[in-house]
Amino acid sequence: MLKGVINVLISIALLVYPVLVYMGLSHGYGQQVAYLLGALLLGRLLLACKHRGLGNWLVPMSTCGLLVVVGALVQDEPQWLQLYPVVANLVMALTFFISLYQQQSMIERFARLQEPNLSAQGVRYTRKVTQIWVLFFVLNTAVSGYTVYLADMKIWTLYNGLIAYILMGTLGACEYGYRYWLKRQGRLV
């Protein structure tokens with residue numbers, strides 16, 4: 001129970017990662033923010049290593065995030081902290097892409113949590129949805145990288161701390177609505 005609570009708290013803190021970076025860099029606390037984020041990422045990595053599931057994309061994402069934080073500290077370049085959303089999206093794109101060449105695609109794994117006996121039609125559908133998420137994460141990687149390149153912290157924070165989450169939620173909600181409609185039409189059993 002305590003591990004679950006800690007994991008939720010770490011996840012929430014990492015969701016506001018862009019805001020933490022913005023506040024830290026804007027007020028001259030880049031190094032302190034780097035240590036805080038490093039501790040959060042290390043905590044998530046340790047928890048993810050103990051509880052592997054669904055292909056465990058948290059291990060590579062947390063590891064890459066730690067490398068970004070260490071790079072920021074070693075190079076004394078707090079702006080490196082802005083690379084984490086780029087790396088996180090890239091890891092997600094690769095994880096979802098690689099799953100397309102495995103027995104179950106990433107979305108199929110998620111779907112089987114609710115429907116263990118997924119039909120062949122459902123498997124094909126989840127494979128297509130996984131492809132859409134790969135495209136989303138690739139595009140999000142590019143836009144997130146562009147916001148780093150712009151060197152405008154406000155734009156970087158707005159996109160990576162709000163817009164990207166809205167886009168992700170919108171894609172998820174649209175897919176859910178479409179899947180519900182397909183089921184009602186009897187086109188997805």
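These legends describe close-up views of a predicted model.

**View 1. Helix α2 packs against helix α8.** Two packed helices are described by the angle between their axes and the distance between the axes. Here α2 covers residues 17-26 and α8 covers residues 153-185. Their angle is about 160 degrees, and the axes lie 8 Å apart. Angles over 145 degrees count as roughly antiparallel, so α2 is roughly antiparallel to α8. The crossing of α2 past α8 is left-handed.

**View 2. Residues from both helices make the α2 and α8 contact.** From α2 come Tyr17, Pro18, Val19, Val21, Tyr22 and Leu25. From α8 come Met153, Lys154, Trp156, Thr157, Asn160 and Gly161. Sorted by class, the contact has 8 nonpolar, 3 polar and 1 charged residues.

**View 3. The largest nonpolar core has 44 residues.** Tyr17, Val21, Leu37, Leu81 and Phe96 have the most contacts inside this core. Elements that give two or more residues to the core include α3 (30-50), α5 (84-99) and α7 (120-150). Helices α2 and α8 are also among them.

**View 4. Leu81 and its contacts.** Neighbours within four places in sequence are left aside.

**View 5. Gly65 sits in helix α4.** Is Gly65 buried or exposed? Gly65 is buried, because its relative accessible area is 0%. Not counting residues up to four places away in sequence, Gly65 touches Leu41 and Tyr84. Leu139 is 74 residues from Gly65 along the chain, and their C-alpha atoms are separated by 19 Å.

Terms used
Residues are numbered from 1 along each chain as its sequence is written. This is a predicted model: local features need pLDDT of at least 70, side-chain atom pairs count only at pLDDT 80 or more; totals for chains, interfaces and linings use all residues. Side-chain values use heavy atoms; hydrogens and water are left out. Axes are lines fitted to C-alpha atoms, for helices over the stretch in contact, and angles run from 0 to 180 degrees between N-to-C directions. Helices (H or I, at least four residues) and strands (E, at least two) are DSSP runs, numbered from the N terminus. Angles under 35 degrees count as roughly parallel, over 145 as roughly antiparallel, 65 to 115 as roughly perpendicular and the rest as oblique. A crossing is left-handed if the near helix is turned anticlockwise from the far one by less than a right angle, and right-handed if clockwise. Contact means heavy atoms within 4.5 Å. Ala, Val, Leu, Ile, Met, Phe, Trp, Tyr, Cys and Pro count as nonpolar, Asp, Glu, Lys and Arg as charged, and the others, Gly among them, as polar. A nonpolar core is a set of buried Ala, Val, Leu, Ile, Met, Phe, Trp, Tyr and Cys residues joined through side-chain atoms within 4.5 Å. Buried means under 20% relative accessible area, exposed over 50%, partly exposed in between (1.4 Å probe, protein chains only).
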